[in-house]
Amino acid sequence: MLESSSTMFKDPDLRAEIVSSILGQEVKLYDNQTNKTRANILSLEDFHLRQILGKQQVENELFIDEKYFFDPQYDSDFTHLSDSAECMRGDEPYERPNGWYRMALKVKGKYPDGDTWLGPDGWRSHSVAGEWPVSYHGTSSDGARGIINSHYKAGDRDLYGRGIYSTPDIRVAENERYTKTFKSKKTGKSYKVILQNRINPERREVCRRSDYWLIPVGEGTPAWKEKQIAERAIRPYGILIQEMKDEDDSDDSDSDDSDSDSDDSDSDDDLL
């Protein structure tokens, strides 16, 4: 009998592998039976900032405590979703991530301005007051570089200005230049990973190419201010994962260096 997505993607070891692939650094499961200290546990805040601002790897081991990192009760399985029902989030169109499984991050109660930005739980097609629109960004599994090699972190050579880029179109984020893959030691299968965010419409600029969104971060902005901008403007709330088909699994992410020099290109495609 085939294992269902809901069962497979709730496996703690696989989840640790997924977080490791995103960070480009091994992240182990914290187990209070064997781990004597809670030092070096990766918080959601630190995970957020590593993605947004490109913080470097730490020398010590990293752990995740499943109870405080993921929130499985809010997971959503879109792997076999085929309907095209129109949805709105933050008064903007939201196309659900068909074909993906969303692992919910434990973000409720994490921000001082409350949870209105998330909107209410459960299926709905309409938007509600105060919630933020949805955006996506591909991730990198290239551990050799240590950080996400993309414009999700604040950069200074962007066509539309310095800042944090994401997209409302999951197909843009899914582009192979933005989404690296990893092969799980746990399952032996290869996967794609994308982050799903909510983005503050008051702090976002729609670029000339409308499927690129920018959170401006001015040149010379101090680190503490960049952290504040990131927390107030863009918040990852789910990790999307998709098993790759056999025909798409011929190339390992570590052998693809096509985006390593992308900062020097003038193409719009280098922005995410």
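Trainee: Why does Y191 count as buried?
Mentor: Keep in mind that this is a predicted model. Y191 has 0% relative accessibility. Buried means under 20%. The value falls under that cut-off, so Y191 counts as buried.

Trainee: What makes the pair of F9 and Y191 edge-to-face?
Mentor: Two values decide. The ring centres are 5.9 Å apart, and the planes stand at 70°. Rings pair if their centres lie within 6.5 Å, and planes over 60 degrees apart count as edge-to-face. Both conditions hold, so the pair is edge-to-face.

Trainee: Which parts of the chain does that pair tie together?
Mentor: F9 lies in the loop between α1 (5–8) and α2 (12–23), and Y191 lies in strand β10.

Trainee: Why is R204 said to lie over the face of W213?
Mentor: R204 is 4.5 Å from the ring centre of W213. The distance cut-off is 6 Å, and the charge must also be within 35 degrees of the ring normal. R204 is listed as lying over the face of W213. The charged end of R38 likewise sits over the ring of Y30, at 4.9 Å from its centre.

Trainee: Where does W213 lie, and is it buried or exposed?
Mentor: W213 lies in strand β12 (residues 213–216). Its relative accessible area is 4%. That is under 20%, so W213 is buried.

Trainee: Which strands does β12 join in its sheet?
Mentor: The order is β8-β12-β11, in an open sheet of 3 strands with antiparallel pairing.

Trainee: Why are β8 and β11 placed at the edges?
Mentor: β8 (163–166) and β11 (205–206) each have a single partner strand, so one side of each is left without a neighbour in the sheet.

Trainee: How do you know that β8 and β12 pair?
Mentor: Count the bridges. 4 bridges join β8 to β12, and the two run antiparallel. Pairing needs at least two. I164 stands opposite I215 in β12.

Trainee: What makes β10 and β13 a pair?
Mentor: β10 (residues 190–199) and β13 are joined by 9 bridges in the antiparallel sense. Again, at least two are needed. I199 has I234 as its bridge partner in β13. Strand β6 (residues 101–104) also pairs with β13, through 4 bridges, and they run antiparallel. There M103 stands opposite I239 in β13.

Trainee: Why is β13 called mostly covered?
Mentor: Strand β13 (residues 234–243) has 10 residues, and 9 of them are buried.

Trainee: How many disulfides does the structure hold?
Mentor: It holds 0 disulfides. A disulfide needs two cysteine sulfur atoms within 2.5 Å. As for cysteines, C87 has 4% relative accessibility and C207 has 9%. Both values are under 20%, so C87 and C207 count as buried.

Trainee: Why does N40 count as partly exposed, while D91 counts as exposed?
Mentor: N40 has 35% relative accessibility, between 20% and 50%, so N40 counts as partly exposed. D91 has 62%, which is over 50%, so D91 counts as exposed.

Conventions. Residues numbered from 1 in each chain as written. Predicted model: local features only at pLDDT ≥ 70, side-chain atom pairs only at ≥ 80, totals over all residues. Heavy atoms only, no water. Buried < 20%, exposed > 50% of the residue type's maximum accessible area, 1.4 Å probe, protein only. Phe/Tyr/Trp six-rings, centres within 6.5 Å; stacked < 30°, edge-to-face > 60°.
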